[in-house]
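Student: I have a new structure open and I'd like to talk it through. Can you help me read it?

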Amino acid sequence: MEDNVSKIKDRLDVVDVISGYLKLQKAGMNFKARCPFHNEKTPSFVVSPERQVWHCFGCSKGGDIFSFIQDIEGVEFTEALRILAAKAGIELESFNPAVQDDKARLCEICEAATKFFEKQFLSSIGKQALEYLKDRGVTDSTIQEFRLGFAPNDWNALGTFLKNCGYSESEIVDAGLAIKRNDGSGIYDRFRSRITFPIFDLNGQVVGFTGRIFAESSEALAKEEGQAKYINTPQTRIYDKGRILYGLNKAKMDIKQADQCVLVEGNMDVLMSYQAGVKNVVASSGTALTPGHLTLLHRYTTNLDFCFDTDQAGAMATRRGIGLALSQSFNIKVIEINDKECKDPADLVKKNAESWSGAVSQAKPVLEFYFNKAKAGFDPTSVNSKKSVISALAPFLKRLNSQVEKAHWLSQLAFFLRVKEEAIEADVGAAKDDLEAYDREPVLVDVSPKSVVASDLLSETFLSLVMKNPLLFKNNLKDINPDLLDPYTAEAIAKLTATFERSERSSNPMEQWPHGRRRMTAINSDNIADFLKDFRESEQSPDRKAIEDPRQSRDYKLEFAYLKSQEFWKDSKDEELKIEFNNLISKLEERYLRTKLEKIGFEMRAGDDKEKNLALAVEANKILNRLGEIQKT
Ligand SMILES: [Zn+2]
């Protein structure tokens with residue numbers, strides 16, 4: 001696998017790969033963009049063609065092309081490898097473990113089924129289904145783009161076709177396309193006499209289907225037979241409905257660009273919205289919004305606009321979805337369809353495509369939406385009515401991240417209900433939270449391993465400053481207390497100091513570098529990163545690799561510091577660097593002393609040994625004096 005990684009890295013350029021997702025702007029030696037992983041107005045996402053790395057100074061994410069694809073596509077390493085291998089035109093042999101083969105096979109089956117369903121539009125009953133779609137306003141190109149199809153009214157049509165393609169009955173069942181007969185006499189097709197909507201994963205592979213009955217008559221028939229209007233592929237090894245959003249494969253870049261995602265109910269809503277030009281749209285088809293969905297969306301935006309059936313907007317599932325999204329720091333708006341003839345976005349687009357984009361642009365902040373709803377049925381003379389307004393809004397108010405927003409709505413409520421703000425705040429705090437049950441489910445917030453490895457920004461900044469002009473600080477470095485820095489930075493500085501000392505002792509100006517790989521006369525800002533890379537390779541012991549994901553943070557810390565040295569200090573003169581150096585040392589020392597002070601305080605409270613406490617107090621006093629000195633300078 002390692003070999004594949006380097007082969008791919010040789011062929012692909014980090015700038016090209018990332019340009020496929022973001023608009024990069026040249027800025028000096030590097031490229032810049034607004035970070036796709038956090039909200040920002042000024043770009044702090046930097047891509048270095050020289051180092052073949054990327055790093056965001058805002059949220060500290062960074063790495064190589066593999067970690068970029070993992071983060072932006074929301075995939076595991078092996079999948080990122082597959083995507084990049086395809087891009088590089090490299091065939092991956094022998095890396096697919098059995099599991100991957102098995103999943104690939106299920107995807108193949110779904111792909112074959114998609115082609116089969118697409119062809120059925122040509123049959124006489126298939127033509128009726130096609131007519132129905134056109135009646136609903138779906139265009140040919142949308143049908144093709146979303147690869148809609150038709151499952152014939154036959155218990156074995158698809159099954160037989162797939163078996164003829166060489167797939168076994170159990171594989172067809174595993175792909176979710178057929179069901180085992182109870183009596184053990186084989187399988188039968190899951191989707192019959194339905195329009196089929198393939199469900200794609202983020203990479204555009206079909207992993208499942210939604211089947212929809214298509215005519216009024218068959219709707220009535222279905223009702224009689226107790227069939228659902230929609231059926232979905234069940235959970236399979238490739239289709240996890242809690243982690244797949246319908247349309248996201250197409251919408252992801254539009255969502256990122258608009259920094260906003262429109263969430264609708266059904267597959268038809270997605271494709272009609274898409275057709276009307278509102279392309280940043282997805283649906284959680286057939287399931288309530290899950291934490292997994294939100295984790296997925298978080299990669300692309302934190303602005304979520306809900307559009308649900310008007311009578312659904314008050315429904316528990318919607319309220320819970322909104323509550324969940326609020327507690328995951330999404331900004332929520334609600335899109336309303338104010339047209340009695342249209343119950344959903346699909347209807348509205350069919351009637352008038354522009355009124356849909358209009359409705360989207362007029363989305364209201366979620367609190368405003370629920371506040372207006374509560375106002376509508378409000379009786380100012382009734383205490384109970386006041387209480388019910390508060391309890392309707394409390395779960396959302398509690399979950400607001402912004403204190404400003406919270407304060408705004410509290411005062412609005414106080415004004416409206418003619419009750420003191422403090423009283424409202426107290427009631428909101430005490431209100432029964434009907435969304436609570438949902439929250440207790442495991443919430444899979446995206447805490448990426450990279451952020452777990454504490455990134456010590458102060459140390460990083462310090463290292464970046466030294467890297468800008470190492471010779472300038474040659475004489476200062478050896479006096480620095482390593483405890484001030486994170487262990488990694490301390491190690492790097494120690495190595496640097498040792499190299500300076502060695503080159504002073506040596507009369508040979510062509511001093512051998514630690515690894516013997518390069519011979520250079522002096523360390524300067526241009527070759528420092530390579531020097532430190534050598535250091536990294538020579539110092540990395542196997543057990544250290546085991547502690548952290550070897551491809552992650554640790555490996556890139558030096559690279560990030562180096563990027564910072566290019567970006568932050570590029571126009572700084574030596575004098576300014578020196579001043580900054582002293583400032584940083586002070587800050588590092590202050591931080592170190594404060595931590596020490598905290599520890600002493602803790603020890604003093606914990607112990608009752610008088611003598612020891614006295615000694616601790618003396619030490620604390622010393623530290624306080626030193627802190628005072630630092631602050632004076
Ligand atoms: Zn960022």
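Tutor: Start with a term. A residue is buried if 20 or more other C-beta atoms lie within 10 Å of its own, exposed if 12 or fewer, and partly exposed in between, with C-beta atoms placed from the backbone. Also, this is a predicted model, where local features need pLDDT of at least 70, side-chain atom pairs count only at pLDDT 80 or more, and totals for chains, interfaces and linings use all residues. Residues are numbered from 1 along each chain as its sequence is written.

Student: OK. Strand β4, then: which residues are on each side, and are they buried or exposed?

Tutor: β4 covers residues 53–56. Val 53 and His 55 are on one side, Trp 54 and Cys 56 on the other, and all are buried. Strands here are DSSP runs of E, at least two residues long, and helices are runs of H or I, at least four long, numbered from the N terminus.

Student: Which sheet is β4 in?

Tutor: An open one of five strands, in the order β1-β2-β3-β4-β5, with antiparallel pairing. The edge strands are β1 (25–27) and β5, each pairing on one side only. To count as paired, two strands need at least two DSSP bridges between them.

Student: How many bridges join β3 and β4?

Tutor: Four, in the antiparallel sense, with β3 at residues 45–48. Phe 45 has Cys 56 as its bridge partner in β4. The two strands form a hairpin with four residues between them. In that turn, Gln 52 has a positive phi of about 55 degrees.

Student: And on to β5?

Tutor: Two bridges join β4 to β5 (residues 62–63), again antiparallel. His 55 is bridged to Gly 62. This hairpin has five residues between its strands, and Ser 60 in the turn has a positive phi of about 70 degrees.

Student: New topic. How many residues of β9 are buried?

Tutor: Seven of its seven, across residues 194–200. Arg 194, Thr 196, Pro 198 and Phe 200 point one way. Ile 195, Phe 197 and Ile 199 point the other way.

Student: What does β9 pair with?

Tutor: Strand β6 (residues 149–151) is joined to β9 by three bridges, antiparallel. One of them links Gly 149 to Thr 196. Strand β10 (residues 206–212) is joined to β9 by six bridges, also antiparallel. There, Pro 198 has Phe 209 as its partner. β9 and β10 form a hairpin with five residues between them, and Gly 204 in the turn has a positive phi of about 80 degrees.

Student: What about the sheet with β12 in it?

Tutor: That is an open sheet of five strands with mixed pairing, ordered β13-β12-β14-β15-β16. β13 (281–283) and β16 (364–365) each have a single partner strand, so one side of each is left without a neighbour in the sheet. β12 (residues 261–264) and β14 (residues 303–306) pair in the parallel sense over three bridges. Leu 263 has Phe 306 as its bridge partner.

Student: Last one, helices. At what angle do α17 and α18 pack?

Tutor: About 170 degrees, with axes 10 Å apart; α17 is residues 366–376 and α18 is residues 383–399. Axes are lines fitted to C-alpha atoms, for helices over the stretch in contact, and angles run from 0 to 180 degrees between N-to-C directions.
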